[in-house]
Amino acid sequence: MDRKAKIGDAAIEVIAADGMRGLTHRAVDRAAGLPPGSTSYYARTRSALLDLAAERMIALDQVEVTPPPGSLAEFLGAVVYASITEGRTRMLARYQFALEATRRPELRVSYDAGGRLLRRRCAEVLAIAGSPAPEAHTRVLIGWLDGSIFDALAGTGSRRPPAKDELIEGARAVLAGLGLADA
């Protein structure tokens, strides 16, 4: 892994653990196990550090969005389950970014760029699945995905996060509501 990716991963960890206020160059150096000053070499300002973390989240998201052949509901359930288990840290950081982007227009640009990529890929997947209105269906599906993840991590559902099977059944219900048969 290159140093910028390592710093991006560490920034995501810091944001998830300590919120946006906890994000400092020193905190990222510590989280990454790097000598003091390493982070500021790659991201001179806090704004540059936020951009680096956002770019890293976008890069990580690119790896995870291609469904294998077979059941779309099983894939979607697995994506949500992975997001609330091994992807928990990144998702908590994403929610921090979302809130911060409502107050900082310069951060909104990178946050929205990542969201557009995910939505475009979701629309492609839904078109392949036979959706007659992939863009409209994407809003519904993203709403279910985001809502399920948020509830399991930060909402009332965090007391008892859903099992993978529950998430697959939820995905089946959403797909059926959209008029899409699950392969």
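The largest pocket of this predicted model has a volume of about 950 Å³. A pocket is an open set of points on a 1 Å grid over the protein atoms alone, where a 1.4 Å probe fits, with protein on both sides within 12 Å along at least five of seven lines. Its volume is the space filled by probe spheres set on the points, which are joined across faces, edges and corners. Domain 1 (3-56) and domain 2 (64-178) both give residues to the lining of the largest pocket, so this pocket lies between them.

**Basis of the values**
- Residues are numbered from 1 along each chain as its sequence is written, and side-chain values use heavy atoms, without hydrogens and water.
- Local features need pLDDT of at least 70 and side-chain atom pairs count only at pLDDT 80 or more, while totals for chains, interfaces and linings use all residues.

**Lining of the largest pocket**
- The lining, meaning residues with an atom within 4 Å of a point, comprises 37 residues.
- Asp 61, Met 91, Arg 94, Leu 118 and Asp 146 lie nearest the centre of the largest pocket.
- By type, 19 lining residues are nonpolar, five polar and 13 charged; Ala, Val, Leu, Ile, Met, Phe, Trp, Tyr, Cys and Pro count as nonpolar, Asp, Glu, Lys and Arg as charged, and the others, Gly among them, as polar.
- Helices are DSSP runs (H or I, at least four residues) numbered from the N terminus, and among those that supply at least two lining residues each are helix 1 (3-18), helix 4 (46-63) and helix 8 (134-153).
- Helix 7 gives the most to this lining, with eleven residues.

**Second largest pocket**
- The second largest pocket holds about 200 Å³ of space.
- Eleven residues line the second largest pocket, and Pro 67, Leu 72, Val 125, Ile 128 and Ala 129 are the closest to its centre.
- Helix 7 again gives the most, here with three residues.
- Nine residues of this lining are nonpolar, one is polar and one is charged.

**The two domains**
- The bounds of domain 1 and domain 2 come from an automatic or database domain assignment.
- Their centres, taken over C-alpha atoms, are 25 Å apart.
- Twelve residues from domain 1 and eleven residues from domain 2 form the contact, defined as heavy atoms within 4.5 Å.
- The area buried between the domains (accessible area, 1.4 Å probe, that two parts lose on being put together, summed over both) is about 950 Å², with 75% from carbon and sulfur atoms.
- Ile 12, Ala 16 and Met 20 supply 45% of the area that domain 1 buries against domain 2, more than any other three residues.
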